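Subject: Two-chain model, handover and notes

Hello,

Please find the structure below. My notes on it follow.

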Amino acid sequence: MLSDNNQVSQIGKEKTTMRIRRRQVLSGSAAGAVSLATGLAAPAIAANEPIKIGYLPALTGPSSSTGVGINRGVQLGIEAINKAGGVKGRQLELIVRDTQSDPTKAVNAVSELTQRQKVSMIFGPVNSGEALAATPLIARDKVPMLHPCWVDELIDVKKYPMAFRQAPTNTQIGGGANHYVVDVLKLKKVAVISDTTGYGTASVNTYVPMLKAKGADVVYTNHIDAANPDLKPEMLRMQSAGAQVIMPWSVNAGFLSRILNTRGAMGWDVPVVGQTTLGSGQTKALLEKPEYWNKVYSNNFRKCCYVNGKLEPKTQEYLDQLKAAKIEFADTLLWWVALGSDAANLMADIFKNAGSKPEDIVKYMNQVKDWPGVYGTVTWTPQQHNGFPDSEVVMCEVNSLKDGAFNLAPGYAS
Amino acid sequence: MTEITTPIRRSGAGTGWLGRLEGKLSWILLGLAGLALPLLGDSYMGTIATRAYIYWVLGAGLNLVVGYAGQIAIGWVAMLTLGAYTTAALAAGRAGPEWPVYLALLAGGGVGAVFGVVVGLPALRLRTFYFAMTTLGFATIVTQVALAWKDVTGGGVGTPGPVFPWPFDPGWGFYYFCFLLAAIATWMTANIGSSRYGRALVAIRDAEVAAEASGIAKPKLLVMIFLLAGALGGIAGGLFASLQSYITPDAFTFEMSVLFFIGILIGGRGSILGPALGTLILTVLPEIAAPLVQWSTFLYAALLLAIVLVIPGGIADLLDYKNRRPLEQHREIVPRPDLLGRVLGEQSRKMLIALKGIRLHFGGVKAIDGLDLEIHGGEVHGLIGPNGSGKTTTLNVVSGYYRPHEGSLRIDGSHLPFEQPHVRAQWRIARTFQTPRVVGAASVLENVMIGGTVQGHGTFAESMLSLPRHRLDERVLKEAALLALATVGLEQLASVRADRLQHSELRFVEIARALMLRPACLMLDEPAAGLSAEEIRRLGGLIKAISRAGTAVLLVEHHADLIFDICDRVTVLNLGKVLAAGTPEEIRSHREVVSAYLGA
Amino acid sequence: MLQSIVSYGLAVGAVYALIGITYNVMYSASRVFSFTAGMLGMLGGVLGALFIQRMGLNPVLGFVMVLACGAVLGVVTEILTVRPVLKSIEQHLYVLSTLAFALMIQQVTAIEWGTEAQPFPTLFPPAEGWLDQKFWLPLLACAVTIGGLEFLYRKTLIGRAFLAIAEDSYAARALGLPETWLRIASFALAGMIGTLAGFTGAQMLLAFFGNQSILNFYGFVPVALGGMGSNRGAVIGGLALGLFQQAANFLVGGIFAAVAVFAVFIVVLLLRPEGIAGASTARRV
């Protein structure tokens, strides 16, 4: 019950949660900061001042594993850009304010970044709770904003005309899973379940109609209390309803692992297709047998997946760069880091093409087309500020983790 | 030497220490700083300052609960949550039609008030730790409900906060709105703090038994405090939702609750300025020390530990220069019985208290085993006997702390109910205690004024808004208290903190407090214990004068000299029974009394 | 389903009961209710996972070390947060000092260990369903603790000295009992019981810094209901709470179960503030 908001802040938590050794992270970002400083110490090029970017990661606090992973990519990206001379001779200055996974700190930080620091653009926050509070304020202060959160409500062209998203929405995520089940695996009878959290229930309520619209037969749906230790009755009900696939939506590793354990104990050989946390190290650690992790597919992103054992050339090149820079992968995911680097490079491109005035930036962003990121291909229009393409939301095999990336789930036409 | 017509010497300026807007200068400076801040044009500082004002609106109310009433309400963030969601949901039309924003804010306050009482009621029955736990449990429940009740609260995704229209629109307009509300909250709670309600709260906190004897009814008072504090918390919640522009359940963390709570304790209990500064500091601190930000809760907790162990009085104690001035070393207590006429007023009829057939046992021990006792107005009735003979127990029965198993208690013929100590004040029955029960943290004058709490006429609301009747009450009470202090000979110590007084002085303070009730019956429980011979002599003179003014005096004592000196009647108890009763001469020579108690 | 309610309910109830006993042991020795009971439970799991899983120690050695840490923390609690405020006990300062200390430890844990719940290593080969060790370990620990305490209090001299201090500390001191040492020993014992609770319960509750608040509250409910100082009341209360909570979880879902527990807690407390088995407070005047 008194869970110190751990459960609460998992709402909309789109990412797998992995244990991060904080010292490594700190040394990583310290190294990044040091190299950033040395980059800035290079002789001032003309009288050009640095371009200030406000950055609101959650580096500490309950929901920080994603922020820490993304941060590695961001620091790396900015450092590389500055080393290569910056943007049109101007260095990029990251002004970092750790939100500590706390919306109140995020609000304070927004005020500082927009009013005092007068940043040209803000990247983040990385967690939904903070983003939900920060977005209206950033919009009010008329600063362009780029963020990687999944909650649908965060992007609204009318309310927040200067906010852009480089990641998929929750609807796209569900759509990707639904597409895999119905179109790739060609399964008709589907069981869709969730825990009783806001994220879980909202997901089910959105995804079930989407499935039905695709012609699938939703034979079972329920919101199950995550604390329930015995899921056998639920699974039996699904089985007798004829379900051919289970789609669970929850970020609670304990709950997800119990589903997998029960499935295994019953010897019921159906695929499990759903939330990214299915593939997290935490879920794995709670499995009773390692083979229970077979035939489990979770959301991922095409460009960060192994297809036939290989990554896309650009992704492979990026991975090699990371390894050369001695970035640890044991406790993070490739797509987090890639997302961070993409953000850095994307912002650099924006500044290069549009300068640092807000109206110009937004005008440019509104017509970005097929920007080739490592994490994803980004496209924006004046009516659509969600930049991630549907086609790149894919499912991956969770038991294939290598160097922070997974195999593409079987069956996709490549 | 006392002169008959010497006027009462006034003590130094600023008699009150509790709750007074101490250092009016500090408040003026703070106010000016707040008003002038927008001139700097730094909206970031504006955001932080707005947040500090919002936290203080809640904190001002919580200060009354924690600092004054001494209730450890750790989970008070629940009020913020309730107020925030109520205001946001109503203003956004999630629970029916859209409400006008200001009305929604008031509704937030109303919901906070209701639940403040709901959470607070257990405080009447539960001990400190238990109550702390229930507030924690409640805070979690509220968050869980916010998560679950998706239609109204938006569940995990949350809901947008209310936006106030011009002139309080987001930005500096809203800043001034919060500043204004913080100022009002400060003013109202300071008024309560320095009123008889504030003193009564502190009395309940530190000397509950004495508070009851002075007629203070704990339940009603606490309910009003929880109502006010809950309302302030709810309003703070609505403001918070607006500042955040969007609220989700994960914004209302346990850390925030701890912050409010610690801010008050750092500031010091029984003060307004201290907790305000404490809350301000804790709000601003994480912004200044950016690298320390994830250690902020750790630092708050460490600070709390340091305060508890080293300076329990907090910042307020540190700022209390007045009470660091050294006191005169060889102080004498010189009562002035001649003033009793003014203190006690007219005693039109002489009271008669009659105990008949009282039997009371604790488990197997017979504390009182068939007692008949009469206390007449105008007389000093001594009650003596060996330890454990039932003297104090008898006194406790009369003053309403114990219920006997048999027997009756009548005042002038009518029954006086057992076990209702706070009713005694209405009957003008006052008492002192075996160990002085005073509020150490309050001044001597405030302690005495506590005795007159029930004689005030103004309501809680009138005190809160400092309306004329409240101010009249205060004037009258203060005059009466100074008079009472002069009567017992302590008026020069009126503004001194009570815990700096000597033991003997505290005994006289208790008598002054009892005199505030204009008692028709005064019961004294071993008042001479710890006094010097000269002090006992003066005490005796005072007691005798009190009885000659018409009051019935019951004197429980061990000092035989004092008893035989001033008593008109003496009853001797032994093993819960009356061994002998009569005039002092009869008792002194009574054989059994001599052998059981007095010695040859 | 009934099987799950019973096995899970009794197991988690045993953990709550042990935390309740931890509260009681600290209370008996000092008349102080300490907020550190939940902290000890939390650390039992976290330290156990740290020693056995992260550092790879032998499980028995790890277990012993966890108990040792518990004892040390108990002693530190007594010296740092209890003894200094005992003289001003009426001002309830002890509530704040133990709260502050518990919070500090919790924050350090969150920062150093991490804020995610980590799995706890399996100690014995896993068994099927309700015979699994995560169910009988806490129950065994509870039984051993109760048995041990009964033996201690009734049959050993030091146990009776503990009881004497609890009953009347002035008289005990007058008799020559070393009150301070006995109190330190009590807190060390409480520390061990608390970490034992956390260690045996960690396969269910995981090694998670958030367990502190959960155990603080749910470990307190048995004490409140069973009467403070009464270990038997704590056990009955704890097991009953565990069963009730699990049943409510099944029947009405997690959130309403929490509300139900809280409501029952409040109602019982308001009707009988001293608990079902507790004694009324002593003379006030």
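Domain bounds here come from an automatic or database domain assignment. On that basis chain B is divided into domain 1 (24–320), domain 2 (350–428 + 519–574) and domain 3 (435–517). The centres of domain 1 and domain 3 of chain B, taken over C-alpha atoms, are separated by 30 Å.

Two remarks on conventions. Residues are numbered from 1 along each chain as its sequence is written, and chains are lettered from A and ligands numbered from 1 in the order in which they are written. The model is predicted: local features need pLDDT of at least 70, side-chain atom pairs count only at pLDDT 80 or more, and totals for chains, interfaces and linings use all residues.

Confidence in chain B

pLDDT is the predictor's confidence in each residue, from 0 to 100. Chain B has a mean pLDDT of 87, with 95% of its residues at 70 or more. Over residues 1–21 of chain B pLDDT stays under 50, and the model has 45 contacts beyond four places in sequence for them; two residues are in contact if their C-beta atoms, placed from the backbone, lie within 7 Å. Where pLDDT is low, the predicted coordinates should not be read in detail.

Domains 1 and 3 of chain B

In chain B, 20 residues of domain 1 are in contact with 23 residues of domain 3. On the domain 1 side, helix 8 (172–193), helix 9 (196–206) and helix 10 (208–213) of chain B are the elements that give two or more residues. Helices (H or I, at least four residues) and strands (E, at least two) are DSSP runs, numbered from the N terminus. Helix 9 of chain B gives the most to that side, with seven residues. The domain 1 side divides into 12 nonpolar, five polar and three charged residues, where Ala, Val, Leu, Ile, Met, Phe, Trp, Tyr, Cys and Pro count as nonpolar, Asp, Glu, Lys and Arg as charged, and the others, Gly among them, as polar.

A residue is buried if 20 or more other C-beta atoms lie within 10 Å of its own, exposed if 12 or fewer, and partly exposed in between, with C-beta atoms placed from the backbone.

An open sheet of four strands in chain B has the order 4-3-6-7, with antiparallel pairing; strands pair if DSSP finds at least two bridges between them. Its edge strands are strand 4 (365–376) and strand 7 (414–415) of chain B. Strand 3 (residues 352–362) and strand 4 of chain B are joined by nine bridges, and Phe362(B) stands opposite Val365(B).

Chain A

Chain A has 12 helices and 15 strands, and 59% of its 414 residues count as buried. Strand 8 (residues 245–249) of chain A is largely enclosed by the rest of the structure, because five of its five residues are buried. Val245(A), Met247(A) and Trp249(A) point one way from strand 8 of chain A, and Ile246(A) and Pro248(A) the other way. Strand 8 of chain A pairs with strand 6 (residues 189–194) of chain A in the parallel sense over five bridges; Pro248(A) is the bridge partner of Ile193(A).

Regards
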